[in-house]
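Hi,

Here is the structure I promised to pass on. Have a look at it first, and then read my notes below.

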Amino acid sequence: MENYGFIRVAAAMPVVRVADPAANAENICAMIGEAAAEGVSLLAFPELSVTGYTCGDLFGQQRLVEGAEEAVRRIMEYTRGKSITVVAGAPVRYCDRLYNCAVVIRNGNIKGIVPKTHLPSYNEYYESRWFSSGSDFLQGPSSVSGRFLVNGKDTVREGFNAEVRYAGFMCNISPNMLFSIGKAVFAVEICEDLWTPVPPSSYHCLCGAQVILNLSASNEVLMKHAYRKELVRQQSARTVSAYVYCSAGFGESTQDVVYAGSSMICENGSLLAENRRFCTGASMIISDVDIEKLSVQRQKMSTFSSVAPDGTPSSSYSGLYSRVDAGAPARTDFNRMLYRHVEPHPFVPSDDDRGERCREIIAIQVTGLASRLLHIGCRHAVVGISGGLDSTLALLVTVKAFDKAGLDRKGITGVTMPGYGTTGRTYGNALALMRGLGVTVREIPVADACDLHFRDIGHDKSVHDVTYENTQARERTQILMDLANQCGGIVIGTGDLSELALGWATYNGDHMSMYGVNASIPKTLVRHLVRWMADTLDEVRPVLMDIIDTPVSPELLPADESGNISQKTEDLVGPYELHDFFLYNFFRFGYSPEKLLFLAGKAFCKGECGQGANGEPGGGYSPETVEKWLRVFLRRFFSQQFKRSCLPDGPKVGSVALSPRGDWRMPSDVSSAFFISGLDRAGKRSQD
């Protein structure tokens, strides 16, 4: 069963009976059963969930401490034979000191005990009244000595992990423990640990932890929830990790404060799941964490593991950690259900922040072009206007750049160059747009020049092949370049990121310019940017809205009998929404073709194969269609690198860019066969 680099994690918030470990153990076991049935591999419970966090001075009672140990034994027995790792909160006594601990349990065994390091003493619960700090187990003058186990070998080390007998089992107790579940590595910190200037999880992640569990009991006061959520989100981003925050809820004493079960799962700054607060019953949140993505992102971030907290290389610091094998992950059927949202349009801003994001994108494009114009002392620009989306966006950016630089819009020469495939709709929109924006308008038909060129090279005009199409593209580029020479200006490129990825551009034709303002704008984003601009430019809004509704086409083949566009790009190379999805995930996260196919199925496919997060239906493509266009994407992306190797300058806008001088460096002579063969293997596995 393929896991695609995912591991299923969960945070469970049981109903707590304060100071009743036996009842709490039964509630915890019931939720373990629910999680195991869902294929969860790693399950977290709140801080001191075995006893309840709000026991107060009862933590000084022998009966409660012994009852907690017996409850942990009950939980251990329940996990026997199950492929799930459980982390529950319990008080643990060692060397006549009591520690607030997370107990890591797997298949009837305790894999390790992690004590809380930072004890709050500023709120209504002064933990240092009852508990000692886990810093006792770290190196330093206040540390304890003890025995410690690494992969079953007994070792003695001063001021490090100690060995404790708990619930009838010998195990290590230390804040610095890393636990592996298959390829995933997790570590634990407890509540207040996160709120410190340098949380222990920062050290844990530097030394290899990809998932952090936080067993917490965080109460509710006005505005605390928003701050807490941002704290978790930022820590997951800073450490490039998944962060499972599990907080105490209903059942804790409300004598002075209220606990609402505020729990969440974040992954590298993104919120994957969040609990509904103030529930009066048990609740659980589940999400599938992408361990493979986190590993690739850390690999690409050269500064991530270069320096450890003490200023030495991180490899030196990692020696202070013990590593424990917690077993294999559960056999989770991710094909049946994936507990995470797969964004089908990763380049497109969400509705909530679309205006702000579009404004910033346009500002980057405009500032880049304005800076170039002012730097070279240029007061003229030439833009080819086809009546399509890309050239429209390029012209809008150029107009705003001239405004920003204090230049006359008449210094912009917009050129429409009707050819064999130009339709009345695009021709009329091109003229209306240029006139509405107040730029200099030029109309230069290319058909006669192309006819002459065909005669010169001996090409039959009736043969509508690549020569027929590219002749028009190169003729248009020659016109633009020569006009730029005439006026002392520069040619503004109109090609977008999606076209560059697919190589859907004529080499030394529309592929070439003197500054490509759309070079890092994908096709799925272009439409949204133009729509946003339409809302700010009343004088050209009607024509912009019609351009948005026009099919994407290079218009290099003659129109149909009704005068409509006959050559639709997406019929030839595939839907741009699929290609942009492939590009984003291939570039950002290094996903294999098999994983791209799997995720695209969740995002786009019809029926059961397209069940996304929490079961929402997918889109409107069949699995066969998605695989077909993924093969096209891989073949074209690899074979067309030579066009990207000599790209003109252009501003980087987002996290995905293909400039050979910066973000993407790949040989032109590289084979796609090995990558495409991954799809063949994926198909064979699905048949098996």
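Let me start with helix α13, residues 523–534. At 1.5 Å a residue, its twelve residues should span 16 Å, and the end C-alpha atoms sit 17 Å apart, which agrees. The expected span here is 1.5 Å times one less than the number of residues in the helix. Helices (H or I, at least four residues) and strands (E, at least two) are DSSP runs, numbered from the N terminus.

Before going on, the ground rules. This is a predicted model, in which local features need pLDDT of at least 70 and side-chain atom pairs count only at pLDDT 80 or more, while totals for chains, interfaces and linings use all residues. Residues are numbered from 1 along each chain as its sequence is written, and side-chain values use heavy atoms, with hydrogens and water left out.

Back to α13: nine of its twelve residues are buried, so the rest of the structure largely encloses it. Buried means under 20% relative accessible area, against over 50% for exposed and in between for partly exposed (1.4 Å probe, protein chains only). Among the buried ones are K523, V526 and W532. The buried residues of α13 pack against α7 (354–376), α8 (389–405), α12 (497–502), α14 (541–548) and α16 (576–589); contact means heavy atoms within 4.5 Å.

Next, the annotated site. An unreviewed UniProt entry lists G384, I385, S386, G387, G388, L389, D390, S391 and T494 under "binding site". They are spread over 111 residues of sequence but cluster in space, with a largest C-alpha distance of 12.0 Å. UniProt positions are given in the numbering used here, feature names are shortened, and annotations may be inferred rather than shown by experiment.

Two of those residues in more detail:

- G384 lies in strand β18 (residues 381–384) and counts as buried at 13% relative accessibility. Leaving aside residues up to four places away in sequence, G384 touches S391, V415, M417, L480 and T494.
- D390 lies in helix α8 and is buried too, with a relative accessible area of 9%.

For the whole chain, the secondary structure comes to 20 helices and 22 strands. Buried residues make up 56% of the 688 residues. Of the contacts with a separation of 6 or more, 72% are between residues 24 or more positions apart.

Cheers
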